[in-house]
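Please have the sequence and the coordinates open side by side while you read this briefing. The points are grouped by topic so that each can be checked in the viewer.

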Amino acid sequence: MASKYLVIVESPSKAKTINKYLGKNYTVMASVGHLRDLPKSKLGVDIEHDFAPEYITIRGKGELITKLKKAAKTADKVYLATDPDREGEAISWHIANILGIDASKEPCRLTFNAITKNAVTSSLKSARTIDKNLVDAQQARRVLDRIVGYKISPLLWEKVRKGLSAGRVQSVTTKMVVDREREIMAFKPKEYWTIVVKLADEKGKNPFEARYYGINGKKKELGSKEETDAVLAKIDGADYIVEKAVYGKKNRHPAPPFDTSTLIQDASRKLGFQSRRTMSTAQALYEGVDVPGRGTLGLITYMRTDSLRVAPEAQAEARELIGKKFGGEFVPDKPNFYRSGKNSQDAHEAIRPSVVDIEPESLKGKLTNDQYRLYKLIWERFIASQMADAEYNTMNADITANGVNFKAAATAVSFPGYTAVYGDDGEDEENEVKKSRKLISLENGVRLKAETVTPDQHFTEPPARYTEGSLAKAMKENGIGRPSTYAQTISTIVGRDYVTRDKKLLKPTELGFIVTDLMAENFKDLVDVDFTANMEKQLDEIEEGDVDWVKVVSDFYGPFEKTLETAKSTIEKVKIKDEETDEICEKCGRHMVIKMGRYGKFLACPGFPECRNAKPLLQDTGVKCPKCGGRIVAKKSQKGKKYYACENAPKCDFYLWDEPAKTPCPICGSIMTRKYVKRRSVTTCSNKDCPSNKKEKDVNKD
């Protein structure tokens, strides 16, 4: 017997989860993403007729559409339960069109922020019509991105090299990375000195440190050794007098629960995850995993959000759990509320556990390692966000020695508050004193003696390169892209070889500089942060129903078309010099160069087409193979997992799964291997029989 109700979602895993919540009268099927899209072979936008998109069925989806139509024909009611955002709304709109559902009149749309039984069943009672404003906002974004990509990319192919692309968001994001690199390149270090004095009372007890501040009560920086030596001479043998010691208290409020940007940031900083890894893991947690004793359950709320709003019932559950687990003093008098950014979409909640009382430890061994670590991060951040402030006792002292001023400061935890759950690694000022709840007692007028005086030379540091986390943060702060696009945009600019990863840091390539400069010179608006942010604002206004999407696209296209025509005639052919390597072509003796192909970088002979020699570009670890003396190089398995093997494979079968360290084992002389555990570099001997393997040793560098 056919089911009375058909529910269509996006992914099979989501369908599996929801299917367990609904009775036998329901059939849950998955569209597996979009069913229709713009064609890849052409622009697919009718410029002359209000930019009408020319949607076609995605290749390979025909059989699935037939199955959906068949199921819909026998169902009394069809519900569309794709993701609760613009993209999800558009997918539902397309499905409705394919199935012949009047989306403007039929209450067929289900949305829920978390995939739990209560959320899903409750949504059935509040089905609505499809929000055409949301669809139009997505459609405008898709059309704008298609126009930019399909109009500029061929120009880059012609003028620079094949395989390049430009994008409304990716191009300005690349420029942000390029601009930061130019700041670093232009940076000129400035010398400065510090003086740290270790002081103690006259009996030599209660030692603490004070730092140089200035002369005669005025702040004065030390810019040279001569200035520093003059201060050292002035305080040589002088008495240190406590001029003023002030004791006080301060509170630190917990950070808000995660939104997409801050989740990417902390997963990068604390777990070492790239943005795509973070979002794919979060997607799995949202869509549903098997939880023993509870069945299949979506463990977190929707992960593409810039909202900090928390449902009152989740807040109440968190407060109850905090009281039971930590005690009433850890529950603030009033619930903690957090203000979302001015451009945030508040339709969703912040990212939080969908069922608050499922603690991470109960899932250990039941989730994949990535899922467990990310869920633990999300759970702890959310619980901490609803906890009482951390409280500290503070001490600040002004100390003078012969007219030279020093300052001392100390902080000690008096009440841990939220830090009992989620300490922020950024709070380094407390780290040294968290072990003690007592502060040094200093009284005004007390004489102290110097045990050591340490001058140090320093140089100012250039701005830091972006990490994926800090770039996502900058994108959010500048209004570039949306939560759903941060990870994809970063992956795209790395994949196009505009930006490269150096460990965790993002650095523009020569190609990134060239393409960015070309775009800045010829398509200034497309790499302008303010212009791109304003375009995002207009998309938000379409979503709110305040402006027509066709007008937004038309207003953009007019000036863009003129700029494009000018660029076609003025841009000259750019020649990118191939990077030469020390690798010698075994066929003709030339130095091989690095080329970029469809599947990434490879080595090629510069003598092409006379010499067609090419081979994979291998990352040398600097470690020799113990079997044949060849280089140990980094490779990837068929499943994409990184491993390390001899360059002479398959003739030599030596390989390692963990990164080889340059320093051999001090006990047996075998290769040491390195892996990262909780952000620490841990090395072990690759020889399983080595006595050192009885106890792992932490080694932070070779």
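Predicted model: local features only at pLDDT ≥ 70, side-chain atom pairs only at ≥ 80, totals over all residues.

Residues are numbered from 1 along each chain as its sequence is written, and side-chain values use heavy atoms, with hydrogens and water left out.

**Helix α8**

- Helices (H or I, at least four residues) and strands (E, at least two) are DSSP runs numbered from the N terminus, and the expected span of a helix is 1.5 Å times one less than its number of residues.
- Helix α8 has 12 residues (260–271) and should therefore span 16 Å, which agrees with the 15 Å between its end C-alpha atoms.
- Because 11 of the 12 residues of α8 are buried, this helix is largely enclosed by the rest of the structure; buried means under 20% relative accessible area, exposed over 50%, and partly exposed in between, with a 1.4 Å probe and protein chains only.
- The buried residues of α8 include Thr260, Asp266, Lys270 and Leu271, and their cover, judged by contact (heavy atoms within 4.5 Å), includes α9 (275–287), α11 (369–385), α13 (468–477) and α14 (486–495).

**Aromatic pairs and charges over rings**

- Rings of Phe, Tyr and Trp (its six-membered ring) pair if their centres lie within 6.5 Å, and planes under 30 degrees apart count as stacked, over 60 as edge-to-face and the rest as tilted; by this rule there are 16 aromatic pairs.
- Phe51 and Tyr557 form an edge-to-face pair, with 5.6 Å between centres and 70 degrees between planes.
- Phe51 lies in the loop between β4 (45–46) and β5 (52–53) and Tyr557 in helix α17 (residues 549–570), so this pair ties together parts that are 506 residues apart in sequence.
- A charge sits over a ring if NZ of Lys or CZ of Arg is within 6 Å of the ring centre and within 35 degrees of the ring normal; the charged end of Lys270 sits over the ring of Tyr422, 4.7 Å from its centre.

**Nonpolar cores**

- A nonpolar core is a set of buried Ala, Val, Leu, Ile, Met, Phe, Trp, Tyr and Cys residues joined through side-chain atoms within 4.5 Å.
- The largest such core has 145 residues, of which Ile152, Leu299 and Ile383 touch the most other members, and helix α5 (residues 132–159) gives the most to this core, with 10 residues.
- Not counting residues up to four places away in sequence, Ile152 touches several residues, among them Phe523 and Phe560.

**Ser13**

- Ser13 is in helix α1 (residues 12–19) and counts as partly exposed at 31% relative accessibility.
- The side chains of Ser13 and Glu287 are joined by a polar contact of 2.4 Å, a term for a pair of N or O atoms within 3.5 Å where, within protein, one must be able to donate a hydrogen and the other to accept it, and residues adjacent in sequence count only if both atoms are side-chain atoms.
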